[in-house]
Amino acid sequence: MNWNITSPADRQHFAPEEIFAAGLTQHHLANTAYPIGHLTTMRPYRVTRRAGEDDRVAAAAWNGIDELCLYVHVPFCEKRCSFCEYTVVDPHQNQSAEDTYYDLLLREFEMWGRAIDSQQKTLSGFDIGGGTPALPKAANTARVIEAAQRQFRFKPGMQISIETTPRIAANDPQKMRDLHALGIDRISMGVQIIQPSLLKALGRNASTVDFNLKARDAIRAAGFEKFNIDLMYGFARQSLSGWEATLQHAIDLNPEYITLYRMRYKGTQIAGQAAQVTREQINALADLAKAKLSAAGYTANAGKNTYSRIAGDPGTSDYLTTRVIDGTPYLGLGLGSQSLSHVTLSYNAGAASKNLTLYQQKIEEGRLPLQDLYHLSREAAMGKMISVAFYFGEINLASFQRKFGVTVEEVFPHEVAFVLQRGLMEYTDSTLRLTVEGARQINGVIALFYAPAVKEHLLQLSLADSGIERQRDRVMA
Ligand SMILES: C[S@@+](CC[C@H](N)C(=O)[O-])C[C@H]1O[C@@H](n2cnc3c(N)ncnc32)[C@H](O)[C@@H]1O
Ligand code: SF4
């Protein structure tokens with residue numbers, strides 16, 4: 001594998017105790033959204049934008065990759081929720097920008113097609129995500145699916161997944177039918193929470209319980225048999241009783257799957273509220289969810305966020321499942337999308353600005369719309385693969401060895417000993433998996449497997465915070 005040379009920052013070693021403690025202190029940041037602070041932590045691996053160098057490196061990274069996953073980002077929503085971390089453009093632009101955006105997407109498809117000879121490559125998963133990809137006209141979604149069919153082979157039985165809000169599903173049952181007729185067989189609907197006052201405070205289009213039932217009926221009538229509901233926890237002022245009511249409502253909707261998202265504050269309009277939410281509160285909410293969902297027949301191993309009531313079905317989209325279990329590379333198209341080959345990580349333009357300007361400009365210049373491109377060292381790539389694996393609360397040992405030619409234990413001997421001794425992880429037949437206690441301390445555990453440069457960054461954040469706390473104590477005294 002054509003890894004980059006390991007940077008000095010990625011040759012450091014840190015004591016597991018220290019990193020574990022920093023991960024717990026920085027529990028709002030130490031999660032699967034990796035790497036943290038890429039502009040700093042990945043800087044040594046940054047590919048120069050000079051004379052199309054980035055386009056060349058980005059394309060060459062896909063040589064020899066026969067199977068990949070595809071993600072297409074749709075940055076449109078009816079309204080922007082204040083808790084949202086995703087790349088969404090100002091909703092006032094939706095009408096004027098929609099068709100142009102899909103034209104650009106199709107050009108991006110073609111550019112990648114030529115750059116990586118994509119017709120020889122097979123998709124093992126395909127997500128159309130957002131934003132709210134069910135908001136635009138179904139005809140535009142059809143254009144995206146046709147482009148994917150033109151540019152790639154589809155693995156037989158591969159499933160396409162899409163996301164909707166309850167408002168769109170309830171108000172536009174025909175759209176649900178149209179999307180299903182396009183061959184999309186899994187749909188995910190964001191319910192989040194059901195307390196009207198909290199929804200209002202979070203700037204979310206309030207949806208009543210009856211409304212969600214109407215949305216569910218439209219989705220079922222359209223023929224979707226793989227129906228997921230997203231719920232969110234970890235908001236300031238979110239009570240256990242309110243959360244219990246939300247969980248009960250999701251169970252009453254009777255989806256095949258329920259995914260729990262712990263609120264990630266970074267980059268959201270309510271980032272300042274993170275300090276009001278403790279790990280103890282988070283764990284109490286997660287414990288309640290586990291008990292309630294298990295009692296209703298929805299299962300997930302410790303640390304996994306998607307619960308499924310279908311035996312043998314992990315409940316996630318094919319796109320996510322193969323990425324997590326096998327470490328399959330993924331190509332992300334559209335505004336702000338992330339792509340990961342075996343040796344590169346990149347972000348399309350627009351993730352920070354949340355507008356189309358630079359993305360559009362690059363495509364119109366005939367260039368891939370990349371904003372940040374990193375040629376990874378082996379250490380950096382390992383950190384990314386394991387962070388993604390923690391979506392399922394476990395590291396697939398064979399997949400890691402296949403990808404890196406060494407075992408997890410060889411690379412992380414002290415870290416593995418640490419998690420085993422403390423009862424945070426345990427071996428199953430094929431994985432190293434979080435225990436119930438490990439899931440409660442996941443932010444500490446996951447940090448143990450970060451690349452050294454990211455560990456260092458986490459330690460610095462932790463030290464800075466403890467400095468602020470010491471100062472605060474002094475002022476109070
Ligand atoms: C891309 S959104 C799409 C769903 C759709 N737009 C909706 O809101 O119903 C996917 C899911 O991410 C979750 N989410 C949004 N903002 C988040 C944040 N700041 N932290 C964690 N999860 C978040 C929500 O549960 C949401 O349903
Ligand atoms: S949570 Fe969904 S609807 Fe709200 S802004 Fe984010 S993507 Fe859009």
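1. Which residues come nearest to ligand 1? Among the 18 residues around ligand 1, those that come nearest are E85, G190, D230, Y261 and R264, where a residue is near a molecule if its C-beta atom, placed from the backbone, lies within 6 Å of it.

2. This is a predicted model, in which local features need pLDDT of at least 70 and side-chain atom pairs count only at pLDDT 80 or more, whereas totals for chains, interfaces and linings use all residues. Residues are numbered from 1 along each chain as its sequence is written, and chains are lettered from A and ligands numbered from 1 in the order in which they are written.

3. The shell around ligand 1 draws at least two residues from each of β2 (122–130), β5 (184–192) and β6 (226–233), strands being DSSP runs of E with at least two residues and helices runs of H or I with at least four, numbered from the N terminus. By class, this shell holds seven nonpolar, seven polar and four charged residues, with Ala, Val, Leu, Ile, Met, Phe, Trp, Tyr, Cys and Pro counted as nonpolar, Asp, Glu, Lys and Arg as charged, and the others, Gly among them, as polar.

4. An automatic or database assignment divides the protein into domain 1 (1–42 + 378–468) and domain 2 (53–321). Their contact (C-beta atoms, placed from the backbone, within 7 Å) takes 19 residues from domain 1 and twelve from domain 2. On the domain 1 side, α18 (436–440) and β15 (431–434) each give two or more residues, and α18 gives the most, with four.

5. Strand β15 pairs (at least two DSSP bridges) with β13 (residues 394–396) in the antiparallel sense over three bridges, N396 being the bridge partner of T431.

Note on methods
Two residues are in contact if their C-beta atoms, placed from the backbone, lie within 7 Å.
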